[in-house]
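Please read these notes with the sequence and the structure open side by side.

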Amino acid sequence: MAHGVSYRWRNVRIEGGGYVSGLVFHPAVRGLIYARTDVGGAYRWDRARARWIPLTDWIGAKDENLLGIESLALDPADPQRLYLAAGTYTTSQAGDAAVLRSHDQGRHFERTDLPFKLGGNELGRGNGERLAVDPNNGRILFLGSPDAGLWRSDDYGAHWAKVDSFPAVATSSSASARNTWRTQPIGIVFVVFDPASGRHGTPTPVLYAGVSTRQTSLFRSVDGGRHWSAVPGQPVGLRPSHMHRATDGNYYLSYGDEPGPDTMNDGAVWRWQSSSGHWTDITPLHGNGKPPGFGWGDVAVDPSDPKVLIASTHHHYTPHDLLFRSTDRGAHWTEVFAHSVFDHGGAAWTVGHAPHWMTTVAIDPFDHDHVMFVTGYGIWASRDMRRLDLGAKVHWWFQDRGLEETVPLGLISPPQGAHLLSAIGDLDGFRHDDLAVAPLQFQAPPRYANSESIDYAGQRPTLIVRSGYLREPFGPAMRAAWSDDDGRHWQAFASEPPDGDGAGSIALTADGSAVLWAPRHARHVYITRDFGRHWQTVQGLPGTVVVVGDRVDPRRLAAFDPHTGALFASQDGGVTFGPIRGRLGAAAQGHDHVQLQAAPNAAGVLYLAARDLPLLRGDDAGNVQQRFAGLTGVDAFGFGKPAQGRHESTLFVAGRLNGHQGIFRSIDDGGHWQRINDAAHRYGRITHLVGDPRVFGRVYLATSGRGIVYGEPMETAP
C-alpha cells in the first residue's frame, strides 16, 4: 500500500446546483434538519455553523450507486438515529440498494444490503417519505420499494422482511420517463404512522402507505402493518406523492397525474378527516378558470398549528411555479411568491433560476416563520413567513451553504489566469479565481444547459473554448463558444458544423490557431481556424471520438474512442489523422472508459488509462515508454505543479493501486506513490481530475454529484 500524506478536502464553492429531493425536520430538536439529494448523498444542517454537513462522502467508487438517496427517516424519540434508503437506479446494471443506519446523526453508518433496487435519481424521487420509523417503538421501520412491495424491520433496520399481505398494486405501478423508452417502477412512495393510535414502547397499530398509481392508491393497516385495506372514499385518477398528518388528526395529500419530477400535467390537494372518513378537495386555484397543465408537489402542515398549510405547484412553468399558504385548513389560500423578495447574494448564479421541482415543503416545528422548500437547484428558506398575514413581503434566502450537488463534466486549470474553469451539468460552467466564492456562471450569451467539454491552448492558455447545449432564453445560438481573456467574456462561434447536436468534444491546438469539434451524433469531426466562419471535415476520424490537443506542438493532436479504445494521431495540425498502432494502440483496444491526455510539457507524449488498465506513457507513434507499476485501474488522472527541486509534473490518479481504491499522487514520475485521501473522503467515483499547475499539491476532483472538490496538503492548506 502507498505511503500516505495528509490532505484537507473542501468544495469549490458553487452552492446547491442539483435537485434536493427531500427535507425532514426532527420534531424534538431545534435546528436538526436533514436533506437528501438524487445523486449527491445526504446532509445534516449544522445550526451553530449555519451550513450543511455532507454525510456520505465515505462512499467509494464501487458503491457509487448508493449516493442517490431515495428516502430518509428519523426516530422522533431518539434524535441520534438516522436512516437512509440508498440506491440511485433500478436498471439491471445498477447494484442493489441498502439501508444506511446511524446512531450518531450521520457521523458513522452501518449498512444493510437489500434484495432489490431503489431509484434515487428516477421518477418519483421527490415523493415520500418511503422510509418511516414507528414513533412509538423505534425498533420498527417500514420501507416502500419501487417494485418489490412493502418491507418491515423489527431491529432498527438491521434486517428486513417483506410484508406479503400488502396489495399487489405496489409491485405493478410504473411510469414512463420523459425522453426515454424505459418504463420505471414507482411503487410505494410514502409510509405514514398515526402516533395517536398507540402508546410509547409498543408498536403503533395504525399506519398508511401510498402507491403511485391512478387507481386505488391509499392503504391503511390497523394492526401494525400485518393486514391492509384501501381507505374508503379516496380520490382516484391521480397519483399521490405526499401525505402529512396534522396534530388535529386531519391528513393532507398532494396528487399529480405523473409522479414527477420530470413532468406533471394535472393534480390536486385533498384533506382527509380520518375520524369521519370525509374527503375534501382543497386544491388552490380550482374553480377560477385557471387552465390545467400543472400538478402539485407537496402540502406541508405546520407542526404547531394544524390550521396552517403550505402547498407547492409542480410544472407550473408559465411564468414559474407557485407557493400557496392557508391559515384555515385549506378553505382559502394566499399566493406567496407574489409577496416575496429573494436574496441571491450567497449564490449569485441563482438570479437566473426560478423555483421549480418544489416537491418538498417543510415548516420548522419550532419556528412558524421558518419555511423551506426544495428546487431542482437547491433549497430556499424564509425566516419571516407570517409577514404574509400582515400584507408585508416574505424574504427568502438560499439555504445551501455547504450543500454542493453539481455534476462537473469538464475541468481545466490553465497555467495562467483563473485557477479553475469548469463545465457543469445543468448550470453551464464557472470561472473560479477564489475557490471560496460562488460566482456568476460564464457570461451569457451563450448560456448552455450543460457545458460538456472545455479546453485551453497549451501555449496560449488564456484562449479557451467550450461546447454544450443551449438554455433558453439565451438561444438560439451556436453550441460552442470561445474566450480570449481567460473565460471572463465569451463569444459564440459564427456557425456550427453541417451535422451533429452540439456538445460533444472540443479541443484547441497548442497555439490556438485551430479548433477541432466532434459534436454529439455527428458523422465526422470538424476543424475551424476562424471560430466557425468556415469548417473543414477532418480526415481519418469517426465522429464518436474525443479530441486531445498537444500542449506544446501545434501540429500535433490525438483522439480516442472512449468505448472501443481506438487511438488516432495527427501531425498536420488536425487536418488528417491516422491510427496509433504499436504497443500503445494495442493496449487500448477493446477497453471502455478509455482516457487519453497529452503531457503538459513535452510534445508528442501521451498518457493512456482506463478503469481496467494501468496508467501508460507513450508517444503518438504508438511506443510505450513507461507502464506505471502497481496501478491496476484508473478512474481519472491529471497533472500538477512539480515538487520543489523537481522538474517532473506531479501525477494524480484516482483508481486502484495494488488493489486498493484511493486517490494517489507521485512527485517522481511514478517511482513512488502516496495516498492523499482517507476513508472519510472518497466521493463515489471520480470522473475528472486535474492538478493546479501553479500550486504544488493542489488537485481538483469532479464528482458524480458532490460538485467540485479540491484537496491540498495539510502543511500548505490555509
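1. Basis. This is a predicted model, in which local features need pLDDT of at least 70 and side-chain atom pairs count only at pLDDT 80 or more, while totals for chains, interfaces and linings use all residues. Residues are numbered from 1 along each chain as its sequence is written, and side-chain values use heavy atoms, with hydrogens and water left out.

2. Strand β59. Strands here are DSSP runs of E with at least two residues, numbered from the N terminus. In β59 (residues 708–713), 6 of the 6 residues are buried, so the strand is largely enclosed by the rest of the structure; buried means under 20% relative accessible area with a 1.4 Å probe, protein chains only. Ile708, Tyr710 and Glu712 point one way, and Val709, Gly711 and Pro713 the other way.

3. Partners of β59. Two strands pair if DSSP finds at least two bridges between them. Strand β2 (residues 7–11) pairs with β59 in the antiparallel sense over 5 bridges, and Asn11 has Val709 as its bridge partner. Strand β58 (residues 699–702) is also antiparallel to β59, over 4 bridges, with Tyr700 opposite Tyr710. The hairpin of β58 and β59 has 5 residues between the strands, and Gly707 takes a positive phi near 75° there.

4. Aromatic pairs. The whole structure holds 37 aromatic pairs, counted when ring centres of Phe, Tyr or Trp (its six-membered ring) lie within 6.5 Å; planes over 60 degrees apart count as edge-to-face. Phe373 and Trp396 have ring centres 5.0 Å apart and planes at 70°, so this pair is edge-to-face. Phe373 is in strand β31 (residues 371–375) and Trp396 in strand β33 (residues 394–398), so the pair ties together parts 23 residues apart in sequence. Both residues, Phe373 and Trp396, are buried. Ring pairs join them in a cluster with others, including Phe337, Trp349 and Tyr377.

5. Charges over rings. Arg81 lies over the face of Tyr156, 4.0 Å from the ring centre, and Arg551 over that of Tyr456, at 4.1 Å. The test asks for CZ of Arg or NZ of Lys within 6 Å of the ring centre and within 35 degrees of the ring normal.

6. Second largest pocket. Which residues lie nearest its centre? Of the 35 lining residues, these are Val24, Phe25, Pro27, His244 and Arg245. A pocket is an open set of points on a 1 Å grid, with protein on both sides within 12 Å along at least five of seven lines, and lining residues have an atom within 4 Å of a point.

Definitions and conventions: Phe/Tyr/Trp six-rings, centres within 6.5 Å; stacked < 30°, edge-to-face > 60°. Buried < 20%, exposed > 50% of the residue type's maximum accessible area, 1.4 Å probe, protein only. 1 Å grid on protein atoms, 1.4 Å probe; cavity = no way out; pocket = protein on both sides within 12 Å on 5 of 7 lines; lining within 4 Å.
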